[in-house]
There are 4 protein chains.
Amino acid sequence: MVQVTDGQKKLTKPTSPADITDNMDLDEFAAALSGCAFGAGRISQAADIFTEMIADKNIVKFFGLAGAMVPAGMRKIIADLIRDGHINVLVTTGANMVHDALEGLYMPHYKGDAQSNDVALHEEGIDRIYDVFLPDKHFEEFEGFMQETIAKLPERPIKISEFMAHLGKHIENSDSILRAAYDMGVPIYCPAFPDSVIGLQAWLYKETNPLVIDAIGDMHDFMDICWNAEKAGAFFVGGGVPKNFIFQSMLVTPRDFDYAIQLTMDTPQTGGLSGATLEEAISWGKVGHKSKLVTVYSDATITMPLIVGAARARLRKQNQNKNQNRNQNQNKSQKTK
Amino acid sequence: MVQVTDGQKKLTKPTSPADITDNMDLDEFAAALSGCAFGAGRISQAADIFTEMIADKNIVKFFGLAGAMVPAGMRKIIADLIRDGHINVLVTTGANMVHDALEGLYMPHYKGDAQSNDVALHEEGIDRIYDVFLPDKHFEEFEGFMQETIAKLPERPIKISEFMAHLGKHIENSDSILRAAYDMGVPIYCPAFPDSVIGLQAWLYKETNPLVIDAIGDMHDFMDICWNAEKAGAFFVGGGVPKNFIFQSMLVTPRDFDYAIQLTMDTPQTGGLSGATLEEAISWGKVGHKSKLVTVYSDATITMPLIVGAARARLRKQNQNKNQNRNQNQNKSQKTK
Amino acid sequence: MVQVTDGQKKLTKPTSPADITDNMDLDEFAAALSGCAFGAGRISQAADIFTEMIADKNIVKFFGLAGAMVPAGMRKIIADLIRDGHINVLVTTGANMVHDALEGLYMPHYKGDAQSNDVALHEEGIDRIYDVFLPDKHFEEFEGFMQETIAKLPERPIKISEFMAHLGKHIENSDSILRAAYDMGVPIYCPAFPDSVIGLQAWLYKETNPLVIDAIGDMHDFMDICWNAEKAGAFFVGGGVPKNFIFQSMLVTPRDFDYAIQLTMDTPQTGGLSGATLEEAISWGKVGHKSKLVTVYSDATITMPLIVGAARARLRKQNQNKNQNRNQNQNKSQKTK
Amino acid sequence: MVQVTDGQKKLTKPTSPADITDNMDLDEFAAALSGCAFGAGRISQAADIFTEMIADKNIVKFFGLAGAMVPAGMRKIIADLIRDGHINVLVTTGANMVHDALEGLYMPHYKGDAQSNDVALHEEGIDRIYDVFLPDKHFEEFEGFMQETIAKLPERPIKISEFMAHLGKHIENSDSILRAAYDMGVPIYCPAFPDSVIGLQAWLYKETNPLVIDAIGDMHDFMDICWNAEKAGAFFVGGGVPKNFIFQSMLVTPRDFDYAIQLTMDTPQTGGLSGATLEEAISWGKVGHKSKLVTVYSDATITMPLIVGAARARLRKQNQNKNQNRNQNQNKSQKTK
């Protein structure tokens, strides 16, 4: 009898080079990378995991959105995921919501240049976010909207997620994250509320009016969602506060995340949470040792659209197959009748 | 007459190779890098700027502390800067304050291994932060301390900085950042309060007791400090919420930061604020075009101690020189009498 | 008359959020990112530039391939580009050619695990390349092939590109980069020849046989290609020796690269060439100030397949349109006859 | 009897916060970080390992120098290590030797600006290396030197290390790496010889004169050094060709490196060798499982001077102690006589 050594057991799945053709869709593209390694293999895994997540209605889907994703042009992707039920809880930064509100109020960002002269830009009233420009006067207009909108809040301690829903209600644009979340009843948590122009506007209002934002007021609801989730999945774009807040909440429940996808350019080696591996999260009990986990170390403005597109294409095909099978079965059963 | 072209004007300062000897102090080390380029040149600049900042009592010194700096072993450096008057306002993350409190309550972190088996660690009740281990039961003990301490707060909306000072008051250890800040009257701002075990403990308390943490309650005081600063300097360790919060506050005042030092491993190319250049901040008016700015793209657990040590060594020498001059002048004036 | 300020001129192109649908091909995907910023915008630009490059037969196409791209599963993409005439000159590392030869000789890489115990792997005779495994005995078998193949070389100083063509001739597998280049007459330059198992095998042969590899023997031919190029484009996967060798060669000619695409995870801030901006290359005269340039700071195992796939899809559509127009014109001309 | 669990065994070394004072030398600084984690802990380890390496005359010391270290101002540090016997074999890039030769011929680099207008620089004849400027005409002058120097080589295949020694012989400046290596008989290996202005100058010469550079001619000598080393240590600044060449050579011997220090900003996650962990090298047998290894993920223009300075300071103190002991012993023995 031939004995199989441990080493041989580790050599069972040959890699296979990607075959990239001129007529693939995103599902086929992700599948073509499934035999690859490094980032390519991880993209393929992420598409698999995300498809599994969005195909299952019983999974509560948390989405952590850090980084300057809205100025980068990612807000419609998020809004669409919310509208299609693929995000049930959103945790994000104030800045992303500020820029979402600006665009939702038809104050656009502009294509700029990362090599600009910032002194000149300052004189011209242009704020720069890497290669994005934003006229400073947008913020003046935004102040009007915000002061008016805050004034409509009830006079009692306001939960942060309540504040965000209130903003969403006053934005008409359907591609807005705030509006989509308001329409779908998806709560938006923003634990670093004071840290953004939204926070500044709240402070400004409070200078002359009574206003209390209850920093921990919505944590009870958040914990309830965690406790009651039959299954749970998390999609992290960047790390920061959203990643930690989602993970720490699950920590106080008796369960953990069954699925987690992390897109980041931070590396584990500096020790910060943003770049920490999802394996590290196992030690804390944030995810289980049987959870499906993948981290893609690459620019999320590229990988998020790619993973979302691949998973959407697959879901469509799965649904088509189901419908065809159903139709065939119906036809069969009609024939046998 | 020989004409000097624009090009020649750009070629006036030859680089000079670093000369590293076996008996340098940190001041001499930083000076030895002053003729170098890339990170070496920037460390030298940062030491110059920080020395200038701490030597001038009229500069209000803001310190933004992100990343897992306390688990990395950086808390005494921060506490000492506070005690010596070199930090006047601290903005940080909840996590850093949690870990500072743990160590301040004599629950240490342990040297671990970044290549650990996280499933085994989880079974052994050990939480991992890259190459640092922390027994999970520390958090149980911490819960006792927190619930007791929160119960001593007055029954009215509590400002976040007030909460932090209250914690500091109940920690005895003099190397604790929270304690040092309490002792010195240095406010600690923590805009992402809910996002940390401190936030979780506050939530837990609130489940059975009345508690409101006013998210924007301390912004008025913060703005006052910004408005009243004659000169202002900022030292950013990592980016995240602390960087943005410090910068956005200065934005609403008619002034900007005269000095800024940023230590980060994030890069500008992904567009996030954590890696954004300080030049980008000029476009927003967060810093002025004449401000002294430097970003060091390198591990802050190495560069922060280095810059702090070099600046401290220089300050000591400057003060010695002043004292010598004063003594000589006194001697002279005595002789002439 | 309304005056347009400089600032207003900078605010003419609003960003537009990406719309990701469930039935896009790679061309549509790249186009959907064209209104985005950061990496997303750059991917879109890279797809535009690469399409322009491969559509134009008059452009001499240089390809610099660094990093462990072959173990990652990228060799068929490269081989296909060579076979389709989209790479005219390849500059790469010895390691990529070693791993290409291994796979070309049917000795596969295997899917592994980046978190492996390397001591155990060593005992089991498995070499690890991040999350790829390779049985060490492959190299024994490779030695047989190499010693036999080197023995067939003529007894005179051998140019490196000649050596690579000789290897390609002895590999049958059509997905091999070495074979594809041999078949198509595309020269492979490998300036760091000694630095790889190919170099080691040459050394081993030389221990008992006469062999001289002429390190600079093929530079004359390379320069000729540069001098004679009517237009030139460069695609850099990673930096390293391939990037510098391609750029330095163009430097000694009176012309520069009209197109350049760079995919890298290195950052400019550390000063090395691998992460240096393509703008920096303008100062040297490697690329012109009117050249079309883009750098994508993201994992090349993801971005290279994406850009190649998008450009291929576009080229197919362009060719279809041309054919349709030609057919319509022919139909018209036939009708009018 | 109390049972100690596996978990408890992992919690034996508490971290201890760094205490940074105003009068430390580099040895004390590195020691102050020994109780820290992340990069700080690794710097401390690297200082320990390098001290052990340079204190032991029986260790053959390999040094891999990649990146633009000479333009950054690091050449004197390297030259001094060579002169003091702390580097026995240098493997580097052509570019580093080009820039070393330029400075050795008194053609300096200049402090520049990373935010420059590269089109303007090009018109002014200035080449940019991140924040370093170099007048293009230096290269014209260098051409004269090189053509003259190459002409003095014997007419037979020239080994690369022979070429480098020949260059060193014709440079007078004692801070030059090439000169120091020539003076000390330390061989310089440059496996990517064609890839640099030195390679270009050799090509230019060869256009009109006979010249063969034997790419693999010096590998025999290199292997001999590896085979004959009783103990071996490697210090890698950056990855690239030098790291791989040093490691692959040890691979063909029956031994491995006992010590290895790696300073890099590349990360393991992209799969390239430059960022690969030293643990990965264990699987290949490049280093042993008992070897002393450390990787510092941080800017090497900061960490190399720091580690070198700390190790030098310690060595001086160790030698002082030895001398004191010897003197005391001599005194004792004299007294007893």
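Chain C and chain A bury about 5,800 Å² between them, and carbon and sulfur atoms give 65% of that area. Buried area is the accessible area (1.4 Å probe) that two parts lose on being put together, summed over both. Three residues, Leu11(C), Phe38(C) and Lys111(C), supply 14% of what chain C buries against chain A, more than any other three residues.

A word on the model and its labels. The model is predicted, so local features need pLDDT of at least 70 and side-chain atom pairs count only at pLDDT 80 or more, while totals for chains, interfaces and linings use all residues. Residues are numbered from 1 along each chain as its sequence is written, chains are lettered from A and ligands numbered from 1 in the order in which they are written, and side-chain values use heavy atoms, with hydrogens and water left out.

Stay with chains C and A. Here 68 residues of chain C are in contact with 67 residues of chain A. Contact means heavy atoms within 4.5 Å. Six salt bridges are counted between chain C and chain A. A salt bridge is a side-chain nitrogen of Lys or Arg within 4 Å of a carboxyl oxygen of Asp or Glu. One such bridge joins Asp22(A) to Arg316(C), with the closest N and O atoms 3.6 Å apart. Which helix of chain C gives the most to the side that touches chain A? Helix α14 (residues 300–336) does, with nine residues. Helices (H or I, at least four residues) and strands (E, at least two) are DSSP runs, numbered from the N terminus.

Now turn to chains D and B. There, 68 residues of chain D are in contact with 68 residues of chain B. The buried area is about 5,800 Å², 65% of it on carbon and sulfur atoms. Leu11(D), Phe38(D) and Lys111(D) supply 14% of the area that chain D buries against chain B, more than any other three residues. The rule finds six salt bridges across this interface. In one of them, the side chains of Lys76(D) and Asp19(B) meet at 3.9 Å, N to O. Helix α14 (residues 300–336) of chain D gives the most to the side that touches chain B, with nine residues.

How are chains D and B related? Two copies of a chain are related by a rotation about an axis and a shift along it. A rotation of 180 degrees with 0.0 Å of shift along its axis superposes chain D on chain B, with an RMSD of 0.1 Å. The two copies are thus related as by a two-fold rotation axis. Copies are superposed by least squares on the C-alpha atoms of residues with pLDDT of at least 70 in both. Of the residues of chain D, Asp25(D) comes closest to the rotation axis, at 2.1 Å (C-alpha). The interface residues of chain D are 100% also interface residues in chain B, so the copies meet through the same surface.

Finish with two tyrosines in chain A. Tyr106(A) is not a glycine, yet its phi is positive, near 65 degrees. Tyr106(A) sits in the loop between α5 (94–104) and β3 (110–111). Tyr130(A) also has a positive phi, about 50 degrees, although it is not a glycine. Tyr130(A) lies in the loop between β4 (126–129) and β5 (132–135). Is Tyr106(A) buried or exposed? Tyr106(A) counts as exposed, at 57% relative accessibility. Tyr130(A) is buried, with a relative accessible area of 6%. Buried means under 20% relative accessible area, exposed over 50%, and partly exposed in between (1.4 Å probe, protein chains only).
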